[in-house]
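Subject: Structure handover

Hello,

Please find the structure below.

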Amino acid sequence: MKVCSFHVGEFGLLLKRFCEGEQQCYLRLMEDTLRPFVPAYHGVVQRDEQDYNMMDNLLTHFNTPSVMDCKMGSRTYLEEELVMGHGRPQPRKDMYDKMVAVDPEAPTDQERAQQAVLKPRYMQWRETLSSTTNLGFRIEGFKKANEECHTNFKRTKSREQVIEALQNFVESNTHIIWGYLRRLRQLRQVLEMSNFFRTHEVVGSSLLFVHDWTGQTGIWMIDFGKTVALPPNVTLDHRTPWVEGNREDGYLWGLDNLIDILVNMLPLT
């Protein structure tokens with residue numbers, strides 16, 4: 001999340017650098033059953049010759065909040081990005097260097113000989129580092145009320161590692177966990193009925209978790225820049241495992257896992 005693409009506006013509004021795809025999503029979401037689970041959208045405004053999408057600032061009604069960004073789904077790249085990569089198979093040295101910097105054993109013998117990897121291969125490999133491919137979501141980062149920031153979750157993969165990070169975020173507060181659990185269960189119920197959700201490939205979208213010292217909690221869906229409408233008569237269940245061509249994104253599978261993890265964080269009674 002690039003800070004420079006956001007501005008805090010007046011009257012509890014947030015300005016986000018204009019993206020037409022995201023605007024179309026918000027316009028549809030304002031008419032969908034998911035409306036209570038996304039920031040209210042207020043149109044486009046121009047500042048310094050730059051257009052911005054204008055939406056509710058979700059932190060307005062919280063008192064010194066703690067905030068976490070959880071990226072949902074079993075992949076964070078669109079199928080069309082893979083197709084483009086296959087169509088122009090250009091081995092990339094920069095991506096090879098990034099791969100080796102993280103895991104020197106990751107490249108194949110052929111990639112090592114070329115000192116380069118193809119973009120689709122790099123994108124799919126990168127997802128396996130975090131919990132994206134094995135749990136269907138990953139923690140992007142969080143900031144606690146005391147301004148303490150945690151963003152190093154690229155290698156947070158196992159359930160145990162995820163639980164440890166979440167316990168740190170909620171500071172083992174059972175009341176906060178229950179608040180988040182109620183909201184996630186409500187969201188899941190609405191997602192399963194939503195026409196928008198059924199007819200869109202939801203990739204790279206996050207859940208924003210917010211709580212404060214009063215015990216108030218909230219969760220909203222944000223970031224729809226990579227969410228795309230499906231062709232007519234095509235729908236997704238968001239739980240079927242993804243194989244290239246089926247466009248499934250694993251969003252509900254990830255949400256199921258996230259709910260299950262929070263349940264397991266509650267003390268046994």
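The notes below cover salt bridges, a charged patch and aromatic pairs.

This is a predicted model, in which local features need pLDDT of at least 70 and side-chain atom pairs count only at pLDDT 80 or more, while totals for chains, interfaces and linings use all residues. Residues are numbered from 1 along each chain as its sequence is written, and side-chain values use heavy atoms, with hydrogens and water left out.

Salt bridges

The whole structure holds 18 salt bridges (a side-chain nitrogen of Lys or Arg within 4 Å of a carboxyl oxygen of Asp or Glu). One of them joins lysine 226 to glutamate 81, with the closest N and O atoms 3.2 Å apart. These two residues are 145 apart in the chain: lysine 226 sits in the loop between strands S10 and S11, glutamate 81 in helix H2 (helices, H or I, at least four residues, and strands, E, at least two, are DSSP runs numbered from the N terminus). Lysine 226 is partly exposed at 31% relative accessibility (buried is under 20% relative accessible area, exposed over 50%, partly exposed in between, with a 1.4 Å probe and protein chains only).

Lysine 144 and glutamate 171 form another salt bridge, at 3.4 Å between the closest N and O atoms. Lysine 144 is buried at 7%, whereas glutamate 171 is exposed at 54%.

Aspartate 256 in helix H10 and arginine 239 in the loop between S11 and H10 are 17 residues apart; their closest N and O atoms are 2.6 Å apart in a salt bridge.

Aromatic pairs

There are ten aromatic pairs in the whole structure (rings of Phe, Tyr and Trp, the last by its six-membered ring, with centres within 6.5 Å; planes under 30 degrees apart are stacked, over 60 edge-to-face, the rest tilted). Phenylalanine 142 and phenylalanine 153 make a tilted pair, 5.6 Å centre to centre with 35 degrees between the planes. Phenylalanine 142 is in strand S6 and phenylalanine 153 in the loop between S7 and H7; both are buried. The pair of phenylalanine 197 and tyrosine 251 is edge-to-face, at 5.3 Å and 80 degrees. Phenylalanine 197 lies in helix H9 and tyrosine 251 in helix H10, so this pair ties together parts 54 residues apart in sequence. Phenylalanine 197 is buried at 1%, and tyrosine 251 at 0%.

Phe142 and Phe153 also belong to one aromatic cluster with Phe169, Tyr180 and Phe209.

Regards
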